[in-house]
Amino acid sequence: MGLNLEPRQRLVLYAGETQRQIQGRLEYLFLITNKSTILLLILDTRNQSLHFLNDSQAISLLVRVYHYTREHRYLRSAVRALAPFMRPIPSEDAGVCAVRTHFLGQPGLPWFEEYPIIPSVFVLNGFIYSLIGLFDLTSLEGVSPDQEELSKSIGKSDILFNEGLSTLVHVLPLFDSGSGSFYDLRHLNLSGPNRARWQYHFVHLRQLKTLTKMAPQHADLWKQTFRRWLAYTRGFRSLHN
């Protein structure tokens, strides 16, 4: 890992053994298996912000570890990571932060927040990463029939994925700034526009390419958006009056 760190404590995260190590204000969390050590996340201990991995990426990682080891504890871990996605959506008046919310209060448009704050800011790349994690779990094959509870949970991830996908199809055009993409939509709820810097704009482009494979039924939308957003990187600007 290139880190000379002393372990401060051990804990269990979802399932499987993890090891937490601290260096200065940064906290490193590793997943320990009998074959390898994998960096899960980096946490800023001063403000508790997550630097590397959210729940959906944890799901993707654990699904891959399950494929590698065929140990069901990792699959059960991935299923437990669904918990934040399955909590009831709080009412707007409740004053409660949640990963799962409604897009601009619209009941038919569930949204998975990367940063659960009030009011919601609707971060695009975090939402799409959530869909990727749910898709990875939904696409899992080879779960034995005796694992009934796991199969039910995987079925729930399929419902969550399709609900989120429907939201993205409806709201993706709102993230087009005419010269690039918006990182989030905080200008609708909180402050001025927050355009994605090119680094994140290219993340959006890669995610659109991934979506063409995950949800080919909406390929026209993903491809049209990809072509226009790619053109922005080459100087193209939208029409004006």
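Phe85, Phe103, Trp111, Phe112, Phe122, Phe127 and Phe175 form one aromatic cluster in a structure that holds 10 aromatic pairs, where rings of Phe, Tyr and Trp (its six-membered ring) pair if their centres lie within 6.5 Å, and planes under 30 degrees apart count as stacked, over 60 as edge-to-face and the rest as tilted. This is a predicted model, in which local features need pLDDT of at least 70 and side-chain atom pairs count only at pLDDT 80 or more, whereas totals for chains, interfaces and linings use all residues. Residues are numbered from 1 along each chain as its sequence is written, and side-chain values use heavy atoms, with hydrogens and water left out.

Within the aromatic pairs, the rings of Phe103 and Phe122 have their centres 4.6 Å apart and their planes at 50 degrees, so the pair is tilted. Phe103 belongs to strand E5 and Phe122 to the loop between E6 and H4, so this pair ties together parts that are 19 residues apart in sequence; helices (H or I, at least four residues) and strands (E, at least two) are DSSP runs, numbered from the N terminus. Phe103 is buried at 3% relative accessibility and Phe122 is buried at 1%, where buried means under 20% relative accessible area, exposed over 50% and partly exposed in between (1.4 Å probe, protein chains only). The rings of Trp111 and Phe127, in turn, have centres 3.9 Å apart and planes at 5 degrees, so that pair is stacked, and it links strand E6, which holds Trp111, with helix H4, which holds Phe127, across 16 residues. Trp111 counts as buried at 0% relative accessibility, and Phe127 also has a value of 0% and counts as buried.

In soluble globular proteins, nonpolar side chains tend to be buried together. Here the largest nonpolar core has 46 residues, of which Ile59, Leu137, Leu168, Phe175, Trp222 and Trp229 touch the most other members; such a core is a set of buried Ala, Val, Leu, Ile, Met, Phe, Trp, Tyr and Cys residues joined through side-chain atoms within 4.5 Å.

Helix H6 (residues 198–214) has His201, Val203, His204, Leu205, Gln207, Leu208, Leu211 and Met214 as its buried residues, and these pack against helix H4 (124–138), helix H5 (148–171) and helix H7 (219–232).

In one of them, Glu163 and Arg100 meet at 3.6 Å, N to O; Glu163 lies in helix H5 and Arg100 in strand E5 (residues 100–103), so the pair ties together parts that are 63 residues apart in sequence. Glu163 is partly exposed at 28%, whereas Arg100 is buried at 16%. Another salt bridge joins Asp176 to Arg228, with the closest N and O atoms 2.7 Å apart, and connects the loop between H5 and H6 with helix H7 across 52 residues. Asp176 counts as buried at 17% relative accessibility, while Arg228 is partly exposed at 32%.

Note on methods:
Contact = heavy atoms within 4.5 Å. Salt bridge = Lys/Arg side-chain N within 4 Å of Asp/Glu carboxyl O.
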